[in-house]
Amino acid sequence: MPPAAVTNLGYVPPDGGWGWAVVVGAFISIGFSYAFPKSLTIYFKEIQEYFSVSYSEIAWVSSVMLASMYAGGPVSSILVNRYGSRPVVMVGGLMVSIAMVLASLGTTIIHLYLCVGVIGGFGLAFNLQPALTIIGTYFQVKRPLANGLAMTGSPVVLSTFAPLNQFLFDSFGWRGSFLVLGSIVLNCCVAGALMRPVDKRVRFKPSDGPPRCEGGAAEEAAEVDVSAQSADPAPEDGPAESKSQSYISRYIDFSLFRHNGFLIYLSGSVVMFFGFFAPVVFLAPYAKHQGTDEYSAALLLSIFALVDMFIRPITGFIGNSKWVRPRIQYFFSFAVSYNGVCHLLCPLASGYEGLVVYAVFYGLAFGMLSALLFEALMDLVGAHRFSSAVGLVTIIECGPVLLGPPISGALVDTFRDYKYMYYACGIFMLVPGIFFFIMHYYNYKKVNEELMQSALVISNNKEALQLRINQDDETMKSKYGLDTVD
Amino acid sequence: MTSSWKQQLVQVLLVLVSCGHGDTKTAAPTPTPLPPVTPLKQDAKSAVLTGKNFTERVELSSPVNMTLSCTWKGDQDKPPNITGHWRKDGQEIQDSRVTVMLEDENYKLIQVFSVVSEKDLGNYSCVFGNEARIDFILEVLQMGEKRDKPVVSYIRDFVVMTCKVEENKPIPTTWNWYTSNGTDKEQINTTASKRFKIVSEERETKLKVKDLTLDDAGQYYCGAVYPIGTSVGQVELKVITFMEPLKPFITILIEVVVLVAAILLYERSRAKKDSAEGTQTNAEQNTEPQGDDKGAEGNDSVRQRK
């Protein structure tokens, strides 16, 4: 059993209190970030007719928005490192709002790409990263639970938006709807207002646990103390780095690329994201292909969203339990592999009942993975480096996220059968899952070894210190003849 | 083979009958022009009646010789023969009464109708005795996606309204658009009014109305013209001002501002209360300086000095 948690944040996270209000804020921000691009698709048909463009040209709006959201990650990280979460989220909310208002007055499709796509996407990026980061500052012990609850925002907001968007569309057409959505999205500013910077005055009493030097941004906190391997170089690098490195690296931590856990996570997720979103996108078309009618196909998505909604907090709760928390990377690997297995088995599902079963299992898998996605990263790099880590991860994930659905679509078109796409997605998720299992087994072992080594070093130091004290005592006593020499 | 002989006999009879009377009051089936210039297509629809009533819809796009056959299982008591006749739109077709024999426990009525123009469409019924009836509703091809919700657009903006025919259905000869003028339908003339523009492809037609005004709101009809008749689809247009969505926009904006202000004010008052208490506790402790960010920095320097 790894030693008890040594938080290296320099303060005790509240793990409650105002933290729960922050979770509500994060819930809203994360919900908008993920659900907003997906929910806009309801307007595409009319906009397509209005501007007389093809469907793929209109679908680009969603892609540009998603791409900007992921590409804006590093910018968001830099701003959060500098200014904290609250201002960034509020600015993000304002940006999306202005983007939607401008879009409602748009006269060409390029106008929409720029407003909704680029500005809107960046605004959402400024919501997502800070929301995730601030949870890490408020929670340590209950962090998986807080993460799970916050990530539940995505399916909940999506489910609320679906009928809301339909209502807006029927009442106001697409222009008016964009205008009203611009005001609804301003609620992200309310979420930002809730993200009060954490009170760092409650200090950690350094009576038990080894003293460690801090190096500002290079400081770490880890449950299993994965920081052991990089905490030592940090103090020397700290002052030297800010002088010799460029301006940017002061705000974004590129030393993460030397962090084993981060590299494992990054390499695994790059492959994983190729198969992450595609099955959701193709669930309804696959169902229709099997012969179900449009309403039953839509019902499948609702079942999926409902299961997703409930499993996220439950996963957070499980991740928090004392059996799972120290080995949470295994839980994460399990979630990834389970997704893969689910997709590989999907082609075996026959008839509508089979599809319902698949939707339920896929909802479980998707929810589990989403709830743990950022918790795993936080667990690996620690709350202080998380902001930079998530920025780097999202910009690198940008590629697979965007390419995933079109590749799957191409697979479906070439083979005229959905099962090859499901096999491909299954492989894309199963291989990283197994990769995670193996790599984290070695990583945990290495971390434990280093922990034991550093504990040994410290106990040696203590002994050496004790020896010196004794020697000094002896010399002192002999010097001043306090010892009875007989 | 016998049925086709019967068909021809009936056809000839009908021709003689209609030539003799020339009565247009009773909805008599139009006689086949003899000889037909282009041979009409043949089609057949049949239905089996087990109860008292049955309805079948038949969609047509071009002129056709439609053979309708009805089979009736009969009542409790099955008399060896009963009288059956045909109706069009509720009215009995003249001289269509025949005696039907019971064959294999069934009564059968077969009739061929020549459907060439729009007035030949309607509700054709075969009636057994006085009660049992099968209705064949012959109508023009209906259009695919029926849009039951109105299209919304804004003043001085433009709108594009679409009508489509499904993939597997035949292609209309041409498309027309109509606007409602009281109870009438008035065809839209694109040369006369420059604000209207119609772009029609094979299976799809688009009406673009520019420079909208509140008067433009209402029902618009798209007509797909087939040889047999015109299939009409309906699109409703709603024109609103930009004030309409602006009202909820401003409401939600106010709500957001109020919430943000409330949260920040609450925090301000909490911070004041805390700092009031904090100065008391600070006097007891002798290490920590106060303030959020300054506190962290100050502590950093304290620790580094160690």
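In which helix is the place of Val22(A)? Val22(A) sits in helix α1 of chain A, residues 18-39 (helices are DSSP runs of H or I with at least four residues, numbered from the N terminus). This is a predicted model, in which local features need pLDDT of at least 70, side-chain atom pairs count only at pLDDT 80 or more, and totals for chains, interfaces and linings use all residues. Residues are numbered from 1 along each chain as its sequence is written, and side-chain values use heavy atoms, leaving out hydrogens and water.

Val22(A) counts as buried because its relative accessibility is 0% (buried is under 20% relative accessible area, exposed over 50%, partly exposed in between, with a 1.4 Å probe and protein chains only). Setting aside residues up to four places away in sequence, Val22(A) touches Ile134(A), Tyr138(A), Leu194(A) and Met195(A) (contact means heavy atoms within 4.5 Å).

## Nonpolar cores

The largest nonpolar core holds 128 residues, and Phe36(A), Leu40(A), Phe178(A) and Leu181(A) have the most contacts inside it (a core is a set of buried Ala, Val, Leu, Ile, Met, Phe, Trp, Tyr and Cys residues joined through side-chain atoms within 4.5 Å). Helix α17 of chain A, residues 351-381, gives the most to this core, with 16 residues.

A second, separate core has 48 residues, among them Trp86(B) and Phe196(B).

## Ile119(A)

Ile119(A) is found in helix α6 of chain A. Ile119(A) counts as partly exposed because its relative accessibility is 33%.

Key. Chains are lettered from A and ligands numbered from 1 in the order in which they are written. Helices (H or I, at least four residues) and strands (E, at least two) are DSSP runs, numbered from the N terminus.
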